[in-house]
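Here are my notes on the model you sent. Please read them with the structure open.

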Amino acid sequence: MAHQTMLLFSFFLVTLLSIILFMVSHGNLPGSIRYRWKAMLGINRFRGGHSFYELERLQQNEGNMTPLSKRTAAISTKDLVTMNEIKLSPAEYPIPIIHKSSFKKLPQWSFEDIYNLDAPPRPSTCAQSLRNSKDEDFQKAFLPNIRMFLHKDNINMREWNRLSHFNNPFGFMEMKYEDVMPVLKLIPKPKEPLLLPKPGGDGCVRCAVVGTGGILNGSKMGAEIDSHDYVFRMNGAVIEGYEEDVGNRTSVYVHTSYSITASLYLFKKYGYKYAPHDQGIKYVMIPEGMRDYLWLNALFKGEKASKKDPRTYYSGQFSENHFYVLHQDFLRYVRNRFLKSSNLNQGLWPIVRPTNGAFAIFTALHACDTVSAYGFMTEDYRKYSSYYAEKHHKTNVVFYANHDYILEKNLWKSLHDKKIIKLFQRTGSQDEIEISKRA
Ligand SMILES: *[C@@H]1O[C@H](CO)[C@@H](O)[C@H](O)[C@H]1NC(C)=O
Ligand SMILES: *[C@@H]1O[C@H](CO)[C@@H](O)[C@H](O)[C@H]1NC(C)=O
């Protein structure tokens with residue numbers, strides 16, 4: 001008897017499963033359930049090197065996305081057939097989470113080098129603008145109108161799905177839609193461009209970007225730095241007591257939630273008490289990872305994030321109108337076109353990214369007409385402390401695995417040699433000649 005019941009039950013189960021499978025494969029289920037089933041069964045994943053999102057996007061040939069590189073592979077008819085078979089509507093549902101651990105090196109999507117562009121923020125009337133550079137390599141790589149900032153009106157499901165293919169900070173790989181999208185929808189659309197030409201001037205926006213490098217110690221560059229229209233700083237931007245070398249103004253402070261909090265204790269012994277907070281300062285955030293989205297959530301709501309009230313870190317200068325969040329496309333473009341480290345070809349690839357300082361220089365390159373960089377790594381970096389704040393005790397630059405400092409150093413030098421930026425160097429000075437004699 002028991003045996004018969006078991007048999008009957010098994011039969012019932014098999015029938016039920018068959019019905020479900022039939023419905024799944026023939027699309028008789030409501031979209032979301034069908035979608036999740038297919039996601040669970042892995043049907044949608046990476047067919048022939050394309051994810052299904054990619055195929056749909058390429059098929060629809062979206063108007064606002066401009067392929068800008070030959071590296072962007074053309075789509076084959078075979079791919080389109082695959083897409084038609086799938087018959088899903090990825091614009092309505094988030095794609096299944098893509099895991100970093102699925103890739104032994106940086107994955108390459110066919111839409112890797114395609115970026116959102118925005119209308120130019122202002123007409124360019126500045127004759128000396130770096131935008132007018134005749135350098136061919138730079139002109140090929142540089143996208144003057146790349147979308148720089150993320151806000152609630154330029155993020156949607158389609159964008160979420162596209163950006164979910166890229167690891168942080170270049171996208172939302174491994175992040176949950178429910179966790180992140182509500183935060184993105186809090187980011188206000190910037191009311192004004194990051195920087196405007198100073199009234200009564202010649203229309204040029206002249207910027208200084210001040211890194212934290214030891215080369216600034218004893219440099220006496222303070223007055224020159226402050227003479228620019230705008231001064232960018234980042235990380236442990238110690239000013240008090242260092243004005244003669246680094247200046248005292250800050251117009252733009254570039255940060256992550258980690259850098260703005262950690263710098264306070266890392267640089268405390270050099271008198272660093274708060275992040276720059278000049279009247280009207282603009283804050284630019286690199287949304288590095290989940291903790292930055294939690295930070296933004298609390299910041300915009302005026303709440304606490306893990307016991308901290310983010311607003312206190314801006315010393316009263318936080319204002320929605322002066323807060324800018326860098327767009328994932330912008331960050332990825334900087335990496336792909338200017339700082340593609342060979343370390344991206346190995347297992348540690350998910351943590352490899354340009355430094356905050358590099359993102360600050362690139363923000364300036366796209367928001368200013370001329371850019372002078374101070375306190376960044378130069379050929380002779382071994383002569384200086386790691387940070388300019390380390391005046392009294394010479395330290396050595398530590399090379400962390402997540403950044404390619406040598407690649408960045410060489411890029412600054414090459415942009416300087418091409419007259420795209422002006423890099424502060426101390427080469428040719430007497431002590432350098434002394435050192436090279438000894439070496
Ligand atoms: C910077 O220094 C100049 C000259 O000493 C001074 O006039 C100015 O008020 C200072 N600015 C800030 C933001 O501290
Ligand atoms: C910083 O600069 C001062 C003045 O030039 C110099 O005496 C000192 O040795 C420098 N410190 C380091 C760590 O290089």
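Helices (H or I, at least four residues) and strands (E, at least two) are DSSP runs, numbered from the N terminus. This is a predicted model: local features need pLDDT of at least 70, side-chain atom pairs count only at pLDDT 80 or more, and totals for chains, interfaces and linings use all residues. Residues are numbered from 1 along each chain as its sequence is written, and side-chain values use heavy atoms, with hydrogens and water left out.

1. **Phe 424.** Start in the loop between β9 and α15 (430-438), where Phe 424 is found. Is Phe 424 buried or exposed? Phe 424 has a relative accessible area of 12%, so it is buried. Buried means under 20% relative accessible area, exposed over 50%, and partly exposed in between (1.4 Å probe, protein chains only). Contact here means heavy atoms within 4.5 Å. Not counting residues up to four places away in sequence, Phe 424 touches Ile 215, Leu 216, Ser 219, Met 221, Ala 373, Tyr 374 and Thr 378. Trp 412 is twelve residues from Phe 424 along the chain, and their C-alpha atoms are separated by 9.8 Å.

2. **Helix α14.** This helix has 13 residues. From first C-alpha to last, α14 reaches 18 Å, close to the 18 Å expected at 1.5 Å a residue. The expected span is 1.5 Å times one less than the number of residues in the helix. Which residues of α14 are buried? They are Tyr 405, Glu 408, Lys 409, Leu 411, Trp 412 and Leu 415. These residues cover an arc of only 160° around the axis, so they sit on the same side of α14. The arc is that of the directions from the helix axis to the C-beta atoms. The packing partners of the buried residues are α5 (136-141), α12 (328-338), α13 and β9 (422-423). Just after α14, check Lys 419: its phi is positive, about 65°.

3. **Terms for pockets and cavities.** The grid has 1 Å spacing and covers the protein atoms alone. A cavity is a set of points where a 1.4 Å probe fits but cannot get out. A pocket is an open set with protein on both sides within 12 Å along at least five of seven lines. Lining residues have an atom within 4 Å of a point. Grid points are joined across faces, edges and corners, and a volume is the space filled by probe spheres set on the points.

4. **The largest pocket.** This pocket holds about 1100 Å³ of space. It is lined by 42 residues, and Thr 212, Asn 235, Tyr 387, Tyr 400 and Tyr 405 are the closest to its centre. Helices α10 (257-266), α13 (356-367) and α14 (405-417) each supply at least two lining residues. The largest share, five residues, comes from α10. The lining divides into 17 nonpolar, 18 polar and seven charged residues. Ala, Val, Leu, Ile, Met, Phe, Trp, Tyr, Cys and Pro count as nonpolar, Asp, Glu, Lys and Arg as charged, and the others, Gly among them, as polar.

5. **Gly 241.** Look in the loop between β4 (230-234) and α9 (243-246) for Gly 241. Gly 241 is exposed, with a relative accessible area of 53%. Gly 271 is 30 residues from Gly 241 in sequence and 8.2 Å away in space, C-alpha to C-alpha.

Note on methods: Chains lettered and ligands numbered in written order.
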